[in-house]
Amino acid sequence: MPTARATAWRTWQMTRRAYPWTYAVGTVLPAALTIALAYLGFHAIGGGAVGDDFAADSGTTAYLAYIVVGATAFQFTVRLILWSAKALITEQRQGTLGALLIAPAARLPYLLGFTGFAVLSSIVEFLTLGLVVAALGITVPVSSVPGALLGALALIAAVFALSVGLGGLMIAAGEAHISQNTVFIVLGLVSGFTFPRDYLPEPARWFAELLPTTSAMDVLHGSFTGGQSLPELLPRLAVCALLTCAYLFIGLTWLPRAEARAAERTY
């Protein structure tokens, strides 16, 4: 905990002096545009109605609410990865990775502190999306408040677990943009953020089940627009927890090797 608190405080001090507005705008604005374009398409093209296939696959006819939940969750995922997965490569670029590697502190508390601050700052940024949703007159139903809260926590944990391994890959390879953008594309296509996964080919649906973000999004959609209660959401929460633990274990196991590779290349 002392390491996590110190890391969060240091990150706050750095961010307070030079806030990354480009990252904030670059993630919040796409979510707002996605919601606005969905509103336009729903009314101008769809005539204010959804097809039977969407209703059957998604479990709801509230298309705009479905998009609001999915677009917000996806851009929040992108924002969190930009913070968490790039923590170590940012240290590498600033020339402080070596000091971090020899510091008497475990890596997990450091990453948790960094991610904790990232979650709080991202939540504040994404509250601005409420203005867009309110301006468009979109109502988002909530069928299970505990399910929605647990789904949000599950998504944060899932993204953190993915970010640990991704961060190791970044410092080992010495690059971030190709890695992060590949992950963004894959997650956006197969995890069911803004459209039902039944639209995908069967191999893609099987692959999606290997990602913890998929089950987390099932919980979020089910608790908001799916009309599901907490007991109905528990199986998908359990799947997400198991996958998150597996990804976190793999990431923490791989991270020391990635750090060694980064140190060998640098020194």
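**Helix packing and nonpolar cores in the predicted model**

At a relative accessibility of 7%, Ala 73 counts as buried, because the limit for burial lies at under 20%. The model described here is predicted. Ala 73 is placed in helix α4, which covers residues 63-84. When its neighbours within four places in sequence are left aside, Ala 73 makes contact with Leu 155, Phe 193, Met 217 and Leu 220. Ala 73 and Ala 157 lie 84 residues apart along the chain, and a distance of 13 Å separates their C-alpha atoms.

Helix α10 comprises residues 177-190. The buried residues of α10 are Ser 179, Gln 180, Phe 184, Leu 187, Gly 188 and Val 190. These buried residues pack against α4, α9 (145-173), α11 (202-208) and α12 (212-224). Just after α10, a positive phi of about 75 degrees is found at Gly 192.

The packing of two helices is described by the angle between their axes and by the distance between the axes. For helix α5 (residues 87-94) and helix α7 (residues 107-126), the axes come within 10 Å and cross at roughly 100 degrees. Angles of 65 to 115 degrees count as roughly perpendicular, and α5 and α7 are therefore assigned to that category. On the α5 side, the contact is formed by Ala 87, Leu 88 and Glu 91, which meet Arg 107, Tyr 110, Leu 111 and Phe 114 of α7. Classified by residue type, this contact between α5 and α7 contains five nonpolar and two charged residues, with no polar residues.

The largest nonpolar core has 56 residues. Those with the most contacts inside this core are Leu 80, Ile 81, Leu 88, Tyr 110, Leu 111 and Leu 155. Helix α9 gives the most to the core, with 12 residues. A second, separate core consists of nine residues, among them Ile 35, Val 68, Val 133 and Ile 138.

Leu 155, in contact with Ala 73, is one of the residues with the most contacts inside the largest core. Leu 88 of α5 and both Tyr 110 and Leu 111 of α7 take part in the contact of the two helices, and they are likewise listed among the residues with the most contacts in that core. For Ile 81, not counting residues up to four places away in sequence, the residues touched are Lys 86, Val 159, Ser 163, Leu 166, Val 183, Phe 184 and Leu 187. Of these, Phe 184 and Leu 187 are among the buried residues of α10.

Methods:
Residues are numbered from 1 along each chain as its sequence is written. This is a predicted model: local features need pLDDT of at least 70, side-chain atom pairs count only at pLDDT 80 or more; totals for chains, interfaces and linings use all residues. Side-chain values use heavy atoms; hydrogens and water are left out. Helices (H or I, at least four residues) and strands (E, at least two) are DSSP runs, numbered from the N terminus. Buried means under 20% relative accessible area, exposed over 50%, partly exposed in between (1.4 Å probe, protein chains only). Contact means heavy atoms within 4.5 Å. The expected span of a helix is 1.5 Å times one less than its number of residues. Axes are lines fitted to C-alpha atoms, for helices over the stretch in contact, and angles run from 0 to 180 degrees between N-to-C directions. Angles under 35 degrees count as roughly parallel, over 145 as roughly antiparallel, 65 to 115 as roughly perpendicular and the rest as oblique. Ala, Val, Leu, Ile, Met, Phe, Trp, Tyr, Cys and Pro count as nonpolar, Asp, Glu, Lys and Arg as charged, and the others, Gly among them, as polar. A nonpolar core is a set of buried Ala, Val, Leu, Ile, Met, Phe, Trp, Tyr and Cys residues joined through side-chain atoms within 4.5 Å.
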